[in-house]
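Trainee: I am new to this structure and would be grateful for a guided reading of it. May we look at it together?

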Amino acid sequence: KRYKKLQQPWSSWYAIAIDIDRPNPPSQQFNHLLKMARRLLLLLVPLASAQDLSCVGCIGGTKKCVGDTTIQMLDDVDCIPCLKRSGKWTWPCNVEGLCWCWDSSKPKYKPALSSGLEPALAKPCDIFTEAMFDKIAPNAVHPYTYDGLCDAIEMLNDRYDEKIFMMGTLLQQKQEWAAFLGHTTHESAQYTAAREALVCGRTVEKYSGTFCKPCDNKYFDWDNRYCKVSLVANGQFYDDYCDKVITPPYGCVCGPTTEVDGDVRAGLMNPNAAYFGRGAIQLSWNSNYIKASQVLTESAETLCSQPDLVATEPKYAWGTALWFWMFSKPPGGEQTNCHIKALEGSFGSTLRIINGGLECPPDAYGYHAEAVVTRLRYYCIAASVMEVRLMDFDGCEGLDDAFYRCVKTGFCPECNEHYRNPTMEPSLAPAPQKTTPQPTDWGSWRSEDWLTAMRGNSAVKSVFSLFGSLTLAMAVCLWL
């Protein structure tokens with residue numbers, strides 16, 4: 001399957017081309033057509049391209065063509081040629097989104113990419129209630145509060161015409177919620193981890209300060225969240241998640257950091273000196289912190305100087321995840337984001353944007369093979385709570401196979417009914433039933449014994465290998 005964008009003078013439309021030239025058996029092609037029929041229902045609307053952010057026709061009244069200095073350094077006067085279509089072949093007009101049309105009567109917020117859908121009537125937190133939040137995350141800790149999540153959503157939706165969890169039909173709203181919750185519960189350990197475990201799994205409070213003890217995996221006690229040997233001990237340096245070549249306005253200034261001192265705080269690092277994973281989607285790298293800061297606080301300095309705010313303040317813990325969902329684009333320059341891909345019905349594509357380099361596909365027996373299992377389990381739980389079927393896994397290589405193996409080996413009991421009763425068009429989630437000896441109560445997520453059992457289990461690995469060859473055939477039979 002491929003998508004071709006047909007540029008026409010009056011609008012941009014997406015057309016679907018179905019690749020049936022591959023040597024697939026008829027049953028696979030039929031299953032493929034079923035998926036395409038569902039996708040076609042979601043895409044029979046005009047989808048705005050990035051050109052809607054351009055300056056063509058941005059003349060008169062309070063309209064002004066301005067440059068986005070977070071992409072490249074330029075002055076607003078450099079964007080004047082972009083007012084005409086003939087300028088689209090020259091810099092800066094040939095750089096997607098570099099110049100955009102600002103209505104100077106409003107705050108200077110660059111528009112989010114448009115889904116082409118109409119805003120919905122139902123408010124996001126009227127759909128996803130606090131009771132649902134408590135069911136999905138019974139052990140959530142600060143800064144992951146329900147009120148903080150709703151406040152962050154409301155702040156962004158008041159600012160932008162493209163609204164998160166509030167575009168299209170009620171079904172699309174629920175689907176987007178389920179995808180977002182599935183990813184963020186996984187990334188934050190069910191909203192119990194505000195900081196990346198290996199870097200700052202347990203903070204140390206000393207002399208009115210908060211410090212981290214960065215660790216290598218081989219020296220980290222996962223059961224007690226304790227680091228035995230610090231990476232910054234004895235004057236060693238830590239510089240992960242720091243691209244020193246990238247400087248403002250493209251990234252926060254960063255560099256190697258070491259222990260605060262060699263005495264009472266030996267082996268401890270100032271958390272505000274590093275840009276490791278924090279928040280509901282584990283925001284990382286100096287280039288992402290500055291972009292999120294510019295959107296959430298209207299200043300690059302806020303999160304560049306105090307990145308640990310993402311681990312301590314609800315508006316940033318949730319806000320950075322929402323920023324990533326709405327503004328972060330996949331590698332390769334494709335003009336899309338997780339928000340749009342969820343509205344199109346593709347969970348797989350959202351994962352490709354979030355962590356595709358490591359999980360699409362994951363190494364068969366590495367950590368990320370296990371990570372996909374937890375991600376799928378959380379997604380199935382969220383989909384059941386939101387009363388929607390799972391979206392398709394297209395866009396993430398190997399995710400279909402990972403899902404079928406996960407169900408068949410018994411490690412995804414929450415996904416059983418979604419696997420048994422797939423539908424072309426999502427509907428209400430099935431009533432939960434006990435279909436395996438595995439505990440299906442969502443409270444079981446408080447323990448990770450199931451994951452420990454899976455690690456190093458040669459019998460499980462053998463089963464995974466066996467089902468890898470049978471998965472697709474079983475899926476086709478279920479569809480037919």
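This is a predicted model: local features need pLDDT of at least 70, side-chain atom pairs count only at pLDDT 80 or more; totals for chains, interfaces and linings use all residues.

Trainee: Against which helices do the buried residues of H4 pack?

Mentor: H4 covers residues 146–159, and its buried residues include Tyr146, Leu149, Ile153 and Leu156. The buried residues of H4 pack against helices H2 (124–127), H3 (130–136), H5 (170–187), H7 (286–297) and H10 (314–327).

Trainee: Which residues outside its sequence neighbourhood does Trp325 contact?

Mentor: Neighbours within four places in sequence are left aside here. Among the remaining contacts of Trp325 are Ile164, Phe165, Phe180, His183, Cys338 and Ile354.

Trainee: How are H13 and H14 oriented to each other, roughly parallel or roughly perpendicular?

Mentor: H13 and H14 (residues 399–408) pack with their axes 10 Å apart, at an angle of about 80 degrees. Angles of 65 to 115 degrees count as roughly perpendicular. Therefore H13 is, relative to H14, roughly perpendicular.

Trainee: How many residues of the contact of H13 with H14 are nonpolar?

Mentor: On the H13 side are Val372, Val373, Leu376 and Cys380, which meet Leu399, Ala402, Phe403 and Cys406 in H14. No polar and no charged residues take part in this contact, and the number of nonpolar ones is eight.

Notes:
Residues are numbered from 1 along each chain as its sequence is written. Side-chain values use heavy atoms; hydrogens and water are left out. Contact means heavy atoms within 4.5 Å. Helices (H or I, at least four residues) and strands (E, at least two) are DSSP runs, numbered from the N terminus. The expected span of a helix is 1.5 Å times one less than its number of residues. Buried means under 20% relative accessible area, exposed over 50%, partly exposed in between (1.4 Å probe, protein chains only). Axes are lines fitted to C-alpha atoms, for helices over the stretch in contact, and angles run from 0 to 180 degrees between N-to-C directions. Angles under 35 degrees count as roughly parallel, over 145 as roughly antiparallel, 65 to 115 as roughly perpendicular and the rest as oblique. Ala, Val, Leu, Ile, Met, Phe, Trp, Tyr, Cys and Pro count as nonpolar, Asp, Glu, Lys and Arg as charged, and the others, Gly among them, as polar.
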